[in-house]
Amino acid sequence: MASIASRSAQALRAVSRSAASKVATKPVQAASYSLLARSAVANSSRQPAFQTVRGIKTLDFAGTKEVVYERSDWPLAKLQDYFKNDTLALIGYGSQGHGQGLNARDNGVNVIVGVRKDGESWRQAIEDGWVPGETLFPIEEAINRGTIIMNLLSDAAQSQTWPTIAPLITKGKTLYFSHGFSVVYKEDTHVIPPTDVDVILVAPKGSGRTVRTLFKEGRGINSSVAVFQDVTGKAKEKAIAIGVAVGSGYMYETTFEKEVYSDLFGERGVLMGAIQGLFLAQYKVLRANGHTPSEAFNETVEEATQSLYPLIGQKGMDYMYNACSTTARRGALDWAPIFEKANAPVFEQLYQSVRNGTETRKSLEFNGRSTYRVDLAKELKEIDDQEIWRAGKVVRSLRPDYKAD
Ligand SMILES: NC(=O)c1ccc[n+]([C@@H]2O[C@H](COP(=O)([O-])OP(=O)(O)OC[C@H]3O[C@@H](n4cnc5c(N)ncnc54)[C@H](OP(=O)(O)O)[C@@H]3O)[C@@H](O)[C@H]2O)c1
């Protein structure tokens, strides 16, 4: 999912960064891959050959067999040995740069960061312990020093900076992305990788903040993994190894095209766009029929996020249904197909808009403006000002564990 530039995201970023800077100076408490990394670094001189701990898993996903790659196949000593002659040059230090970079560094892999000198990311990278002239460089210098170039600039910036970056991606280097966006929509982005380098993708299925927090908890995020161009014959193996280095637990194989289509579709759909639209429509109907803001909010958002949706996450939809009254179950079973039928054409329209590049062009145009941060913040402020979300603030303030924003 793409990043959400909101005040709450900035707050989260601040919290996460302060936690991250503590990690840089202080060992993490919970058992985690990062603790393992430290002991593996200490023991690495005594590690001779490496063996796969477990085989790759082929799993049956509801009748379709898919291959899943897992972190357990890459013990830390093997990971460090694999990258012993590499420098991962992480270009861009936004949400993903922060999460992936710190995880790879904690895993004992050689990582440097490349960002605009003295920009916001430069400042934040220093805060996270990257050292100018040692592990932090201007973009071009980092690319020259790196062997694996991880392009984690914003998608619009990847397109804008490509004419400067492209000539630096020389033979022998590897080009890495966390989204198929730039390469797949090349007519619009003009990002056409050189033909003599491996081009790979690891796309974590979550925000960069989650990439970091799951890693620190000793868990790993699910990621998609794909190869666009395999010059060395090792591109897939390298992609999986980098996936592990940056904090993935399980990796699902896909293509650049499928990754970008599903990602743009999902975030515009149920993950973000559709959920706001659905919440708002239900809330407005309740209000128009005389229900109070608190009642409309509780029946629309609070019960969903605090009670029912976590149950779907834990054990599936039928589990959530079974946890509710028989009255609720009967009604939901009757109305679910009606909502499906009403929404399917909208989702189909959305998918076509993603596939034909309309969504990409809109995104490039908007996010390429010099005013994009301010413009986005203005629209998000409009959401924040909607009655539903103002009512939500009061409802949340009554929670026992409430902490002011
Ligand atoms: N965030 C997510 O949830 C997520 C999840 C999976 C995959 N991805 C993918 O991961 C990649 C990175 O995403 P992100 O969300 O981490 O990025 P982001 O926060 O949108 O990227 C910001 C970075 O881009 C730099 N930047 C912006 N405009 C620039 C320009 N004109 N020249 C040079 N640098 C510029 C910023 O540097 P300054 O501070 O100097 O402006 C900053 O380092 C994208 O391909 C995205 O689709 C993101």
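1. Asp118 is found in the loop between strand E4 (111-114) and helix H5 (120-127); helices (H or I, at least four residues) and strands (E, at least two) are DSSP runs, numbered from the N terminus. Asp118 has a positive phi of about 65 degrees although it is not a glycine, and at 60% relative accessibility this residue counts as exposed, where buried means under 20% relative accessible area, exposed over 50%, and partly exposed in between (1.4 Å probe, protein chains only). The model is a predicted one, in which local features need pLDDT of at least 70 and side-chain atom pairs count only at pLDDT 80 or more, whereas totals for chains, interfaces and linings use all residues. Residues are numbered from 1 along each chain as its sequence is written, and side-chain values use heavy atoms, with hydrogens and water left out.

2. His190, which is not a glycine either, has a positive phi of about 65 degrees, and its place is in the loop between H9 and E8. With a relative accessible area of 55%, His190 is exposed. As background, most residues other than glycine have a negative phi.

3. On the overall composition, the protein chain has 19 helices and 10 strands, and buried residues make up 41% of its 405 residues. Among contacts (heavy atoms within 4.5 Å) between residues at least 6 apart in sequence, 71% join residues at least 24 apart. The accessible surface of the chain comes to about 21300 Å², of which 56% belongs to carbon and sulfur atoms; the areas come from the Shrake-Rupley method with a 1.4 Å probe, and for residues only the protein chains shown count as cover.

4. The sheet is open and contains 10 strands in the order E1-E2-E10-E9-E8-E7-E6-E3-E4-E5, with mixed pairing; two strands pair if DSSP finds at least two bridges between them. The edge strands are E1 and strand E5 (136-137), each of which pairs on one side only.

5. Lys57 has Val68 in E2 as its bridge partner, while Asp60 stands opposite Lys65 in E2. The two strands form a hairpin with 2 residues between them, and Ala62 in the turn has a positive phi of about 50 degrees. On to the next neighbour, E2 is joined by 3 bridges to strand E10 (residues 248-253), again antiparallel, with Glu70 partnered by Tyr250 in E10.

6. A search of the whole structure finds 23 salt bridges, a salt bridge being a side-chain nitrogen of Lys or Arg within 4 Å of a carboxyl oxygen of Asp or Glu. One of them joins Asp263 to Lys205, with the closest N and O atoms 3.5 Å apart. This pair links distant parts of the chain, since Asp263 lies in helix H12 (residues 256-268) and Lys205 in the loop between strand E8 (198-204) and helix H10 (208-216), 58 residues apart. Asp263 is buried, at a relative accessible area of 10%, whereas Lys205 is partly exposed, at 38%.

7. Glu267 forms a salt bridge with Arg268, the closest N and O atoms being 2.9 Å apart; Glu267 counts as buried at 9% relative accessibility, and Arg268 is partly exposed at 27%. Elsewhere, Glu120, Arg123 and Glu127 are linked in a network of salt bridges.

8. Arg399 forms a salt bridge with Glu302, again with the closest N and O atoms 2.9 Å apart. Arg399 lies in the segment after helix H19 (387-397) and Glu302 in helix H14 (residues 293-315), so the pair ties together parts that are 97 residues apart in sequence. Glu302 is buried at 11% relative accessibility, while Arg399 is partly exposed at 25%.

9. The axes of H14 and H19 come within 9 Å and cross at roughly 90 degrees; axes are lines fitted to C-alpha atoms, for helices over the stretch in contact, and angles run from 0 to 180 degrees between N-to-C directions. The two helices are therefore roughly perpendicular to each other, on a scale where angles under 35 degrees count as roughly parallel, over 145 as roughly antiparallel, 65 to 115 as roughly perpendicular and the rest as oblique. On the H14 side, the residues that meet H19 include Phe297, Val301 and Glu302, and their counterparts in H19 include Ile388, Trp389 and Val395.

10. In helix H17 (residues 358-367), Glu359, Thr360, Ser363, Leu364 and Phe366 are buried. The cover over these buried residues includes H12, helix H16 (326-355) and helix H18 (372-384), among others.
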